[in-house]
Amino acid sequence: MKKVHVIHHTHWDFEWYFTTNESFVQLAYHMDEVFRALEDGVIDYYLLDGQMSIVEDYLTHFPEEKERFTALVKAQKLWIGPWYTQTDELIISGESIVRNLSLGMKMAEELGGTMKIGYLPDSFGQGKDMPKIYNGMGIEQAVFWRGLPNDLTEQREFVWGSEDGSEVTALNIKNGYFVGVGLIESDDAKGLMLTIDKDSTLMDVALPVGGDQRYVDFNLKERMQKYNEKLAEDGYQLVESHYPALMAELEKEKGNLPHIQGEFISSSVSKIHRSIYSSRYDHKYMNDKVERRMIYQLEPLMAMAQSLGIPYKKGLLDRIWKLLIRNHAHDSAGGCNSDATNQIINERFREADQLSYSAVDYLTRKIAESRQSLVDNELLFFNTLPRNIRKVVQFEISTTFANFELYQGNKKIDFQLINTEKRYNGSIRRDETAYRPEDYYYVHSVCAEMELPGFSYTVCQITETPSIPDEHKTCLASENLSIENDTYRFEVMDGKCHLTDKRTSKVYEDMLWIENSGDEGDTYDYSPPYQDDIYKLDFSEAKITKESGMLEEVLLVEGHWHVAQDISERYAKKRTESVPYSLRIKLSRHSHRLELSFQINNTAKDHRMRLVVKTDVYGKYSYADSPFGTVKRPVVDPHIHDWQSLGWREEPTTIYPMIHYVNTHNEHSSWTLFSKGIKEYQLIGDNFEQVALTMYRSVGYLGRPDLLRRPGAASGNEFRYVETPDSQLQEVLHVKVAIQLDEQYHPAQLMKGFEEYAISTQYYQIQDLNRFTTTLKYFVSNPLPFKIEQPESLNLHYENIVFSSLRSNENLSGLEIRFYNPSLTDTVKGGVLEWNTPISYNFLKLDGSVISESIQSQKVELGDFLPGEIKTIGICPVKE
């Protein structure tokens, strides 16, 4: 007799074609039904969708129900957690996923207990690193719906592993989280059993009964009894259950289950929306910006500040993370939502951006102004990475004098003056002729090559000088339109881009352009029009000027691209819309990266813009970073020609997600494209030698039916067209990309390059002239009641592993630092982390729990890292 575990639940989309405000009204009354059904024994168990953000919202406004809520959780009738929101797994950073689980599990434990199952019933694909993330958070089981390829296994139950040996017992609810509604609405008991039992080899089967914001089914027991009567001779018995009970039964059969690894982004069973990564690019850009600031700047800066005596504000961090993570819910992160929802998402991004930026601003100022001795025009640069770096940094300074020099101690610093602007410091007046000359000051835009100590700061001095030598100034030119450093030479000739690698003397002609095509898809998927018109856009009609100096050279490219105005013009092969753009191409001294910064005023609709880079690599696979590792993907899907005959839900185009970079390489050449916000790529060309990054897509509907890449019913709401004019992105868009060439592919070193490219250097000047350098500068601020000493720098040496995070660990009253091995195949030496003073350290899990004995030393022996392995180290100073 097979046991059918009837699992009553609701799938509560945080927001979608409705806003979170609209669904909250439903939730407020829905919880009354849940309480009544559980307390009166109408149902035995209920799963509140595994995410705590909705619980937090409910109990914030109905605190009187907390005791009642907690009692049901403790009685294991109401199941909650482990997520704060049900995350996207493919374009969200690993540290964000860890923060999501940490917030959700802590909140659930405080309310009676968390369901320790990686429950993601609707995320658009499963990331390859999830088993090791789950294990690191104390989770050994996973339940999901979308993405499992039939080529890997058709069995619903299996063991899902990561390269490092982490594994979870997994259940694929391949008919969806809503399949059990048939129990309530259909009398075809045998047909439903055949559906859910197909591809199951065990005696315990899942029947999830629920749906999107679905009500409680008060007739559940009655319907189950009716089914059991019908199925008495067919070998099935329905029992009320929950996922922990079902997974406990699966664990008993773990030794008989198939073992598989990898990401699951196949449309063989369900829609997967393998081009949603470029929908609503404005979201992706803001998310990337705030994620980088939180992980690489604010968290380590707050840890540095705490070591100097400035209170650690975990509540502030949690507030920002919650805002950000609410935008990581799978629909929110994907961008497949209504415009009203989109506006709320953008407002959360703006709030998180302002909070995180102001927190960094406050802490750099507080540290700078609380030191032992302060001198006017001192300039502090902060490095929040745990290693020394040397880079060209950009900054602004305010002085009473027009000419200056920079010193680091007694050493004069090489700098390049980009621009000087004269500003007024007095009260503004309608008549500016009344301004006093002595109230003017100068704001200088400068770049300088700096040595920055790890996890510390360096102090420079700005001094007046009679004049600035010409070699320190930026020169403008409209001829000889090429830029170069000691690594590359780049030029634009007749609209085409050419790159020379000086290390190898190789010249790559016509290696960069823009591809524009129509997009008759929706916020879920790109889909080409039934009659497309694709064109290659170059820079032949652009105005080009050059800025050159001792530290960086820049080409400024300004022009218009002529494209189809909308889908009707695309069909007619007209190109009447003029899209203004500017492109800033930069080479800095000693840099191995060519940096591109686009500003595009998108005035066209129903189209896709891609940046295409032509390499000398004939690709068979692409390589991109994943939350805690690397993912290798084929450039051609084996089912690209037979997917429809196999009954797949959408075309398996090799459009893929990325987090920070994509790479293509062979034995002698490696090309990497870094981005600050782009999350989608594809390798194209006759020999797959071209890397295409989707800059943005413009579409006007939530979902559309009968797409070329996704035939059949519309995604989202299949019963009506939901117009989303905001997703046409009729606005100025910022796109930032860097290109790096290497002889060999080295993923750990690539991530170091990304850090140097994408993490801005924070600075603070001791001055009172300009009170508008940041928003908080206008506020008066007391220094600390005690004077601080400059923290000892960290210069940790690690060549084969990737730095992931550095933050305070409250439980240990010290630091927590995390690394991982990005290699898919190689075990590597982690090396040694050295401190100047004795420390006590432990190895930790991702959830912060200790998994090793405490050791006192000035060195941390990291040992070997298995492929993909994550290691977290807790570090405390030794008290004398």
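I began at tyrosine 407, which stands opposite glutamine 461 in S17. The model I am reading is a predicted one.

Next I looked up the strands around that pair. Strand S13 covers residues 404-408 and strand S17 covers residues 456-464. I noted that S13 and S17 pair in the antiparallel sense, over four bridges.

I then traced the sheet. I found an open sheet of five strands, in the order S14-S13-S17-S11-S38, and its pairing is antiparallel. At the edges I found strand S14 (411-412) and strand S38 (762-765). Each of these two has a single partner strand, so one side of each is left without a neighbour in the sheet. As background I wrote down that strands of a sheet pair through backbone hydrogen bonds, either parallel or antiparallel.

From the sheet I went to the whole protein. I looked up 15 helices and 45 strands. The C-alpha trace spans about 100 × 75 × 60 Å along the principal axes. For 880 residues a compact globule would have a radius of gyration near 29 Å, and I read 29 Å for the protein, which agrees.

Of the 880 residues, 62% are buried. Taking contacts between residues at least 6 apart in sequence, I noted that 76% join residues at least 24 apart.

I read 95 positive and 131 negative charges, with mean positions 2 Å apart.

Definitions and conventions
Residues numbered from 1 in each chain as written. Predicted model: local features only at pLDDT ≥ 70, side-chain atom pairs only at ≥ 80, totals over all residues. Heavy atoms only, no water. Rg over C-alpha atoms; globule rule 2.2 N^0.38 Å. Buried < 20%, exposed > 50% of the residue type's maximum accessible area, 1.4 Å probe, protein only. Contact = heavy atoms within 4.5 Å. Lys, Arg positive; Asp, Glu negative; His and termini not counted. Charge placed at Lys NZ, Arg CZ, Asp CG, Glu CD. Pairing = 2+ DSSP bridges.
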